[in-house]
Amino acid sequence: VQGTLSPDVLKRGVKSRLARVRYCFEKSLQANPTVAGRMVVSFVISANGHVTSLKVETGLDPALDRCVLAALAPLRFPPPKGGGVVVVRYPFVFSPGQ
């Protein structure tokens, strides 16, 4: 069963973890100065608003991928409208000096 959450709610939730995601990228740059590009993370928001099935669909660097997943793991959202779950694919674009 698919539920719904507004794009604004999703953006606010991810934005709440963005400082940690940026930290992951800065840490990865120290080890690999050429790491940059688009990463896509997918996750499922359960009927109670908790994030499950968090994974990197398109990664850039294994250490960065793991760090970003850890940064996003605590995400919580309101329960989806209509019950059920919400499947999200969220892109991040990383570039030095960003």
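Good morning. Please bear in mind that the model before you is predicted.

Glycine 37 belongs to strand 1. Apart from neighbours within four places in sequence, glycine 37 is in contact with Leu60, Phe92, Val93 and Phe94. Glycine 37 also lies 9.6 Å from proline 96, C-alpha to C-alpha, although 59 residues separate the two in sequence.

From this residue I turn to the sheet. Three strands make up an open sheet, in the order 2-1-3, with antiparallel pairing. Strand 2, residues 51–58, and strand 3 are the edge strands, each pairing on one side only. On average, neighbouring strands of this sheet are turned by 20° against each other, direction ignored. In general, strands of a sheet pair through backbone hydrogen bonds, either parallel or antiparallel.

How many bridges join strand 1 to strand 3? There are nine, and these two strands run antiparallel. Within this pairing, arginine 38 stands opposite valine 93 of strand 3. On the other pairing, five bridges join strand 1, residues 37–45, to strand 2, and this pair likewise runs antiparallel. Here serine 42 stands opposite lysine 55 of strand 2, and isoleucine 45 faces valine 51 of strand 2.

Is strand 1 largely enclosed or largely open? Seven of its nine residues are buried, so strand 1 is largely enclosed by the rest of the structure.

Helix 1, residues 7–15, packs on the sheet, where it touches strand 1 and strand 3. The direction of helix 1 makes about 55° with that of strand 3.

Two backbone details deserve mention. As a general point, most residues other than glycine have a negative phi. Serine 53, however, has a positive phi of about 50° although it is not a glycine. Serine 53 is found in strand 2, and it counts as exposed because its relative accessible area is 54%, where the cut-off is over 50%. The second detail concerns the hairpin of strand 1 and strand 2, which has five residues between the strands. In that hairpin, glycine 49 takes a positive phi near 95°.

I now come to helix 2. Helix 2 comprises 14 residues, 18–31, and at 1.5 Å a residue it should span 20 Å. The C-alpha atoms at its ends are 20 Å apart, so the model agrees with the expectation.

Which residues of helix 2 are buried? They are Val21, Cys24, Phe25 and Ser28. These residues cover an arc of only 95° around the axis, and therefore they lie on the same side of helix 2. The face turned away from the buried side of helix 2 carries the exposed residues Ala19 and Gln30. Among the elements covering the buried residues of helix 2 are helix 3, residues 62–72, and strand 3, residues 86–94.

Helix 3 can be described in similar terms. Its buried residues are Leu64, Asp65, Cys67, Val68, Ala71 and Leu72. Because they cover an arc of only 165° around the axis, they are placed on the same side of helix 3. Pro62 and Arg66 are exposed on the other side of helix 3. The cover over the buried residues of helix 3 includes helix 2, strand 1, strand 2 and strand 3.

A disulfide, in general, is a covalent bond between the sulfur atoms of two cysteines. The count for this model comes to one disulfide. It joins cysteine 24 to cysteine 67, with 2.1 Å from S to S. The pair links distant parts of the chain, since cysteine 24 is in helix 2 and cysteine 67 is in helix 3, 43 residues apart. Is the link left-handed or right-handed? With -75° about the S-S bond, the link is left-handed.

Each partner falls under the 20% cut-off for buried residues. Cysteine 24 counts as buried because its relative accessibility is 1%. Cysteine 67 is buried as well, with a relative accessible area of 12%.

Thank you for your attention.

Definitions and conventions. Residues numbered from 1 in each chain as written. Predicted model: local features only at pLDDT ≥ 70, side-chain atom pairs only at ≥ 80, totals over all residues. Heavy atoms only, no water. Helix = DSSP H or I, 4+ residues; strand = E, 2+ residues; numbered from the N terminus. Expected span 1.5 Å × (residues − 1). Buried < 20%, exposed > 50% of the residue type's maximum accessible area, 1.4 Å probe, protein only. Arc of directions from axis to C-beta. Contact = heavy atoms within 4.5 Å. Disulfide = S-S within 2.5 Å. Pairing = 2+ DSSP bridges. Axes fitted to C-alpha atoms, helices over the stretch in contact; angles between N-to-C directions.
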